[in-house]
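Trainee: I am new to this structure and would like to go through it with you. Could we begin with the terms and then look at the details?
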Amino acid sequence: MNIKWLSSVIDQNLIAEIQSALSQNGRHLDCYKSLEELEDKLPNKEDVLLVLPSNPAYDVYELCERISFLFPLVSIVLLEAKDQMDWKRAMQAKAIDLLEWPISVDSFVQTIEDLEKRIVTRLIKLQPYNKAHKDGKVITVVSTKGGVGKTTTSVNLAAAFGLQGKRVVLVDLDLQFGDVAISFNAKPKKTIYEWVKQEYENENSGLQDYLISVTENVAILAAPLRPELAESIEGEHVSQLIAELKQAYDLIIIDTPPLLVETVLVALDLSDEILLITALDLPTLKNSKICVETFDLLKLKEKIKVIINKDSQIGGLMAKNVEQVLNMPVYARIPSDFKTAVFSLNSGVPFVLSHAKSPLAKQVTALAKKLNGIDPLEEKQRKFWGRWFKTS
Ligand SMILES: Nc1ncnc2c1ncn2[C@@H]1O[C@H](COP(=O)(O)OP(=O)(O)OP(=O)(O)O)[C@@H](O)[C@H]1O
Ligand SMILES: [Mg+2]
């Protein structure tokens, strides 16, 4: 990996320290002293990581946008003061990460190592939409109660899987009022409705033009742009859609409305896992119980994983109550954090990206790992020993 830095006078000492720390790990950091030099010399290559620190001389987000336009293959990471950090603009400018400035040498080097892994994985995964070589896993997120956090969980789970190097597609089956696109600040022109009308009904299956790439490794298929269009989409379309997507993605995540309509039932039937989102209030719990009973009748119960969202008593008694009422184990608990959840929703950036260190993001990331079969304890031990036996 080629690491480049657009430097200024104030960065000099820090850069020297970082260069020395990176060189101990066999990495090399080059500096450009001016923007002209950068634009002149920056190689437009996939293995280049450019660090852009903010500077009163320019708007770092505008600069990032310009450089990503001129050098589309380069990965850019931004350094910005805490009170100026703007994830929405960073994403729009196609930065791959936004780090708080000032930063310690250790955390910078650690971040560079993590980013390198992400970039390498992305290079492997960034093949074009490519059919017939996968058998993706289908995960549908449900709850017959509105507002419990299905969309929040789907969106952040998709982003977390993407960060873990999985190729993910998130399908918005909340066909009337879906808000997956808005959660990623995406403005779709083509949706599942256009796919049905333009492709499916003409006996074509091409999906690529209808998917929107939103974050690293993650694409979405948006819900129709108007509620009245929803009724054109039927179970047979969902079935075909899932079959197509399974061939091209590692994971197909499906967000649903709070109703067991035909399209949702087809998705549930074709799912490998069903995440039943519940909460610690009686109406939701009552609803979840009916849901479990219904899934039992439909022979879907085996696939259910119960997730408590907006959990306000981690370690308390209430999760036990959920297990007693549903007669099922609780698979994961996601804490209640209204501020982070709403901020992320309004900014159009999943909190696993914008607030990666918050307990909320950590739990969703842990859930993604658990669904991927990664035990957090084992991972911790592996990382610990990996550090001692590092070879390069
Ligand atoms: N863990 C959480 N902590 C606090 N607030 C949360 C959490 N998860 C979701 N929310 C908030 O709850 C509200 C509803 O979330 P969301 O839209 O994800 O629910 P939903 O189940 O998809 O709703 P609907 O059934 O209407 O589609 C949003 O304002 C969201 O920000
Ligand atoms: Mg929703």
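Mentor: Let us start with residue classes: Ala, Val, Leu, Ile, Met, Phe, Trp, Tyr, Cys and Pro count as nonpolar, Asp, Glu, Lys and Arg as charged, and the others, Gly among them, as polar. By these classes, the shell around ligand 1 holds seven nonpolar, seven polar and four charged residues.

Trainee: What kind of model is this, and how are things numbered?
Mentor: This is a predicted model, in which local features need pLDDT of at least 70 and side-chain atom pairs count only at pLDDT 80 or more, while totals for chains, interfaces and linings use all residues. Residues are numbered from 1 along each chain as its sequence is written, chains are lettered from A and ligands numbered from 1 in the order in which they are written, and side-chain values use heavy atoms, with hydrogens and water left out.

Trainee: Which residues come nearest to ligand 1?
Mentor: Of the 18 residues around ligand 1, the nearest are Lys150, Thr151, Thr152, Pro335 and Asp337. A residue counts as near if one of its heavy atoms lies within 4 Å of the molecule.

Trainee: And which elements supply at least two residues of that shell?
Mentor: These are α6 (150-163), β12 (304-311) and α13 (338-347). Helices (H or I, at least four residues) and strands (E, at least two) are DSSP runs, numbered from the N terminus.

Trainee: Where does ligand 1 sit?
Mentor: Ligand 1 sits in the second largest pocket. On a 1 Å grid over the protein atoms alone, a pocket is an open set of points where a 1.4 Å probe fits, with protein on both sides within 12 Å along at least five of seven lines. A molecule sits in a pocket if more than half of its atoms lie within 2 Å of its grid points.

Trainee: What polar atoms lie close to its oxygen atoms?
Mentor: A polar side-chain atom of lysine 150 is 2.7 Å from an oxygen atom of ligand 1, and one of threonine 151 is 2.8 Å from an oxygen atom of the ligand. A polar backbone atom of valine 148 is 3.2 Å from a ligand oxygen atom. Such a polar contact is a pair of N or O atoms within 3.5 Å.

Trainee: How much of ligand 1 does the protein bury?
Mentor: Taken alone, ligand 1 exposes 630 Å², and the protein buries 84% of that. Accessible areas come from the Shrake-Rupley method with a 1.4 Å probe.

Trainee: New topic: is leucine 79 buried or exposed?
Mentor: Leucine 79, in strand β4 (residues 75-81), is buried, because its relative accessible area is 0%. Buried means under 20%, exposed over 50%, and partly exposed in between. Alanine 81 also lies in strand β4 and is partly exposed at 24% relative accessibility.

Trainee: Which peptide bond is cis?
Mentor: The bond from tryptophan 101 to proline 102 is cis, with omega near 5°. Proline 102 lies in the loop between β5 (97-101) and α5 (105-125). The C-alpha atoms of tryptophan 101 and alanine 81 are separated by 4.7 Å, although they are 20 residues apart along the chain.

Trainee: What about lysine 94 and its phi?
Mentor: Lysine 94 is not a glycine, yet has a positive phi of about 70°. Most residues other than glycine have a negative phi, and most peptide bonds are trans. Lysine 94 is in the loop between α4 (87-92) and β5, and counts as exposed because its relative accessible area is 60%.

Key:
Polar contact = N/O pair within 3.5 Å; in protein donor to acceptor, adjacent residues only side chain to side chain. 1 Å grid on protein atoms, 1.4 Å probe; cavity = no way out; pocket = protein on both sides within 12 Å on 5 of 7 lines; lining within 4 Å. Buried < 20%, exposed > 50% of the residue type's maximum accessible area, 1.4 Å probe, protein only.
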